[in-house]
Amino acid sequence: MSNHLKNETSPYLLQHAENPVNWYPWCREAFEKARKEDKPIFLSIGYSTCHWCHVMAHESFEDGVTADILNRHFISIKVDREERPDIDSVYMAVCQAFTGSGGWPMSIFMNWDKKPFFAGTYFPVQSQYGMPGFADLLNAVAHQWNSNRNKLLHSADQIITHLQQSEAAHRTGSNETLSEKAVQMFSALFDSTYGGFGTAPKFPSPHNLFFLTLYAKQNNNADVLKMVEKTLTQMRKGGIFDHIGYGFSRYSTDQYFLAPHFEKMLYDNALLIIAYASVYMITQNHLYLDTAEQTAQYVIREMTAPHGGFYSAQDADSEGVEGKYYTFSFAEIMNILGEEKGRQFSHVFDITAKGNFEGVNIPNLLKSNALNSDFSHEIQKLYEYRKNRHELHLDDKILTSWNSMMIAALSILYRVSRNEKYLQTAIHAQIFIETNLSKDLELCTSWRSGKHSESGFLDDYAFYIAALIELYHSTLNRDYLKKAERFCKEAVKRFADDEPGGFYLSDSDSTELFMNPKESYDGAIPSGNSIMTYNLVRLYQLTEKEDYRELAERQIHYMSAQAQDYLTGHSMFLFAKMLYDNPPEHITIVLKNSTDLENIKKQLPLLANAIVVSESKEYPLVNDSTTFYVCKNHTCFSPTNTLEFFCHKLLR
C-alpha cells in the first residue's frame, strides 16, 4: 500500500513510497497532524544512492513490526537532502551536536514545532555496534514522550540555544598567513606513500587540490605540486577510478585508493575534471588530461539527459550487493577476453582467482603501474558485458548546483583540450537550467519528470554564477558575463548578511527553521560562501567595478575569520583569496577581425581575465592587427600582437 510519498518526484522519496511506514514528505500537513494527534515526529534524511540508507530501509522501514511502532507512536517524514539542503544542514548540525559526528541516513526526533530532542544516523534493526536497536529506540522515545516530555523539550531548547549562539558568534583574526598555515597543515596530513591526506577513508576533496595547485604555481613550490601530483596519480591508478566505464567513485574505504564506496556522484566527477585539467596545464603530463577526458566521457555517456541536463548519481549497490556492478571474478575476465588477452589484462589490472576485494576483483593499476598500457579493445568488451550483467540504479533528478559544477568543469576542459564537444555539452546544460530551472532571476534547486522544486538556495546561485563565469572565459561571449552579474546581484539581495558579513543558506524571507545557517567550511563540495568569494573576486577582476571590490573584500574579511580554526576546511576560500591577493593577468583584446577570436581563445591562460573591447583612443590597434593589452600586479606591458610570451610565462 502506498503512503504519502507516491506523488513525489524525488527518486529517494519514491524508493520509500511502498514502505509500510506511513511516510509524509516535509509538508505542513505532517506537522499539523503531529500537533493534533500529540505525537513526536521521526525525520529521516538521506539520498537515493546512499548505501546505509538502503540498509536501514531494508532492515527497518520495510519491516512490518517496526513500521507499526512508527505508525502508532510517530508521524514519519522523509526528506531528500539533495532537494532540501536547508533542512539537511540544520539537522546535520543538530546531529553533530548530539553525537559528535554526522552522516546519512540521518535520524532526527523532534516535536511539531521542528525542535529536535534526539538525533543519530543509522540504527541497526537489533542492538549491535554499541548502538541500540531501532525498534527499542522507538519504544524508548515514545515512552519518554508520554511520561517525561518536559525533559525532552528542555533538551531541544538547550540544543537550539547552543546552535544559535554558535551561529551568531563573531570571529576575528589576521588573514595574512592563512595560506601558508594551511599548506603546512596539508603537508603534515599528506600520505607520501599512497597519496591523499590523512588515513582511511580518503575522500578526493578536489577543492583542496585546487588550492594546493594554485599555491604551488604562485610560489613556484615543487614540493607542494608533488603532493597534488602524487594524489592525482594514485587516484587514477586506484579502484576509486572506474577503469572499465571511467569516472570516479565517491571515496576510498582504504588508504591505497583501491576499494571505493562505489557510488558515483556528479559533483565529485565535475570537481575532479577541474583538478586534473588544471594540473595538466602546469605540468603538460598527458596522464592528467587523459583522466579528465575519460571522466568527461563517462559523464557524457552515462550521466547526461537527452534534454541536456546532468543526472545526479549512480548507486553503489546492485542486486542488493555493494559494488557488484563494478567487480569481476578471474573466471569472468578469462571467459570474456579469452586465455591470452585475459591473462595479459589480469596481470596489468590486478585480477586474480583469490580476488583483491571480498573474493572478487576491482580492476586497478596500483601494482603494475602500467598507466600507458593500451587495453582499449578489452575495456570496451568488459564495459558492454558489465552493462548487461547487473542493473544499476540512476538518480535522474537534475540539480542546479551540481549541474553548474559540471558546466564549469567542461568549460575548463574545453579550454585545456580544445575539444568542442565539451563546450557544446556545457552550453546545452546551461540552456537547460535557463529553460527549466530559472524564471527571470529566481533559480530552483531540482528538476525531474517535468517538475521543478521551489525557490533555490545559496549554493544554486553561487555555483550557477561560477558556471556562467567559466562559460564566459571559454567563449568570451559577454552575454554570459552579464548574466553572471545579474545573478550575483540577486544572490547578494537574497542571501547576504550585511553585519557581520557572509551569506545565509536560505533566503531570510522564506526560511521555516529555527536557524538559517551561513555555511563557510567546505565538505564534499565547496561551501556556498567559498564559491561566492570566488565569484566576487572574479567579477571584480573581470569588470573592475568598485562594487565587486567592496563586496569581495568584505567577504574575504568574513571568511578569514571563519577559517581561522579549520584552515584545511576552507581551501576553496583560500583559493579565491590567493586570486585576489595575486591576480592573474588582465588581458584586454582589441579585435581586428571577428574571425581572430577562435584562435585567441586557444592562447588564453586558464585563469586570465580577458575582455574583448572595440578599438578606441584608449585601446588602439597596433600594426593594424588584433592587439593585446596585458597588465599584472598593477603593471601594464607594451601592447602586443601575440600572447605567446605571456602564456609561456604563466604555464611555466
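Cys636 is exposed in this predicted model, with a relative accessible area of 57%. Its disulfide partner is Cys631, and theirs is the 1 disulfide that the structure holds. Further along in this briefing you will also meet two helices, H9 and H11, which pack at an angle of about 15 degrees.

**The disulfide and its cysteines**

- The sulfur atoms of Cys631 and Cys636 lie 2.2 Å from each other, S to S.
- The torsion about the S-S bond of Cys631 and Cys636 is about 100 degrees, so this disulfide is right-handed.
- Cys631 is partly exposed, at a relative accessible area of 24%, whereas Cys636 is exposed.

**Other cysteines**

- Cys27 takes part in no disulfide; the cysteine sulfur nearest to Cys27 belongs to Cys444, 19 Å away.
- Cys53 is buried, and its relative accessible area is 4%.

**Packing of H9 and H11**

- Helix H9 spans residues 206-219 and helix H11 spans residues 266-283, and their axes are 9 Å apart.
- With an angle of about 15 degrees, which is under 35 degrees, H9 and H11 are therefore roughly parallel to each other.
- The crossing of these two helices, H9 and H11, is left-handed.
- On the H9 side, the contact is made by Pro206, His207, Phe210, Thr213 and Lys217.
- On the H11 side, Asp268, Leu271, Leu272, Ile274, Ala275, Val279 and Ile282 meet them.
- Sorted by class, the contact of H9 with H11 has 8 nonpolar, 2 polar and 2 charged residues.

Conventions: Residues are numbered from 1 along each chain as its sequence is written. This is a predicted model: local features need pLDDT of at least 70, side-chain atom pairs count only at pLDDT 80 or more; totals for chains, interfaces and linings use all residues. Side-chain values use heavy atoms; hydrogens and water are left out. A disulfide is a pair of cysteine sulfur atoms within 2.5 Å. Buried means under 20% relative accessible area, exposed over 50%, partly exposed in between (1.4 Å probe, protein chains only). Axes are lines fitted to C-alpha atoms, for helices over the stretch in contact, and angles run from 0 to 180 degrees between N-to-C directions. Helices (H or I, at least four residues) and strands (E, at least two) are DSSP runs, numbered from the N terminus. Angles under 35 degrees count as roughly parallel, over 145 as roughly antiparallel, 65 to 115 as roughly perpendicular and the rest as oblique. A crossing is left-handed if the near helix is turned anticlockwise from the far one by less than a right angle, and right-handed if clockwise. Contact means heavy atoms within 4.5 Å. Ala, Val, Leu, Ile, Met, Phe, Trp, Tyr, Cys and Pro count as nonpolar, Asp, Glu, Lys and Arg as charged, and the others, Gly among them, as polar.
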